[in-house]
Every structure is written in C-alpha cells, then in structure tokens.
Amino acid sequence: MAPMTYYKNLIVLSILWTNTIFSYNVLKFMTNKLEGNIFINFYLDGCSGLIGYSIAKPIYSWLRFRWTIIISVSISLFFNIWLFVFQE
C-alpha cells in the first residue's frame, strides 16, 4: 500500500513542479517582449515577486500546504491564460 502512495505523490509533485517551471519560464520569456524599458520590466517583475512572497507567507501559515498549492496554481494558471489572450 505504501508504494502506491509514493507513486501518487510523485505524480502530483511532478505536475506541480512542471506548472511552476512553466509559469516561471513564461514570465521570464515574456518580460523582455513587453512594451517599455526592459530594465523597468524586470524591476517590476522583482517587485511583484516580493509582493507575492509577502502575501503567500501568511496564507501558507494559515491554510497549510495543500490549499496554498491549489490557490497558487489556480492564480498562476489564470494569469498565464490572461497574459496569452490579451498580449498584443
């Protein structure tokens, strides 16, 4: 019974890791393609990372791991789709 739990956890974590890497690479790739100054774009990307960490830390303390991952994957999926749909 224990090996099935390990396989299930491996599959779930592989999906989460793939989503995380995809989201990170999409944002890094699209940052230099956005209008405006590339340095300001990367500066704003860093600021948004700090804001995201400041918000995610209390949420993780309150909701714990499972719901925090579900919320973060949902938010990143929503905004990745939004970025692809509304880019010029």
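Reply: Rolling a probe the size of a water molecule over the atoms shows where empty space is left. On a 1 Å grid over the protein atoms alone, a pocket is an open set of points where a 1.4 Å probe fits, with protein on both sides within 12 Å along at least five of seven lines. In this predicted model, the largest pocket has a volume of about 1,400 Å³, a volume being the space filled by probe spheres set on the points, which are joined across faces, edges and corners.

Me: Which residues are the closest to the centre of that pocket?

Reply: They are Leu27, Gly52, Ser72, Ile75 and Ser76, out of 36 residues that line the largest pocket; a lining residue has an atom within 4 Å of a point. Two elements, α1 (2-31) and α2, each give two or more residues to this lining, and α2 gives the most, with 24 residues.

Me: What counts as a helix or a strand, and how many of them does the chain have?

Reply: Helices (H or I, at least four residues) and strands (E, at least two) are DSSP runs, numbered from the N terminus. Here there are 2 helices and 0 strands. The radius of gyration, taken over C-alpha atoms, is compared with a globule rule of 2.2 Å times the number of residues to the power 0.38. For this chain the radius is 16 Å, well over the 12 Å that the rule gives for 88 residues, so the chain is more spread out than a compact globule. Its C-alpha atoms fill a box of roughly 55 × 25 × 20 Å along the principal axes.

Me: Is Tyr43 buried or exposed?

Reply: Buried means under 20% relative accessible area, exposed over 50%, and partly exposed in between (1.4 Å probe, protein chains only). Tyr43, in helix α2 (residues 38-86), is exposed because its relative accessibility is 58%. Val85, also placed in helix α2, is exposed at 55%. Ile55 lies in helix α2 and is partly exposed, at 48%. Of the 88 residues of the chain, 12% count as buried.

Me: How far apart in space are Ile55 and Leu16?

Reply: They are 20 Å apart, C-alpha to C-alpha, and 39 residues apart in sequence. For Tyr43 and Thr68, 25 residues apart along the chain, the C-alpha separation is 26 Å.

Terms used:
Residues are numbered from 1 along each chain as its sequence is written. This is a predicted model: local features need pLDDT of at least 70, side-chain atom pairs count only at pLDDT 80 or more; totals for chains, interfaces and linings use all residues. Side-chain values use heavy atoms; hydrogens and water are left out.
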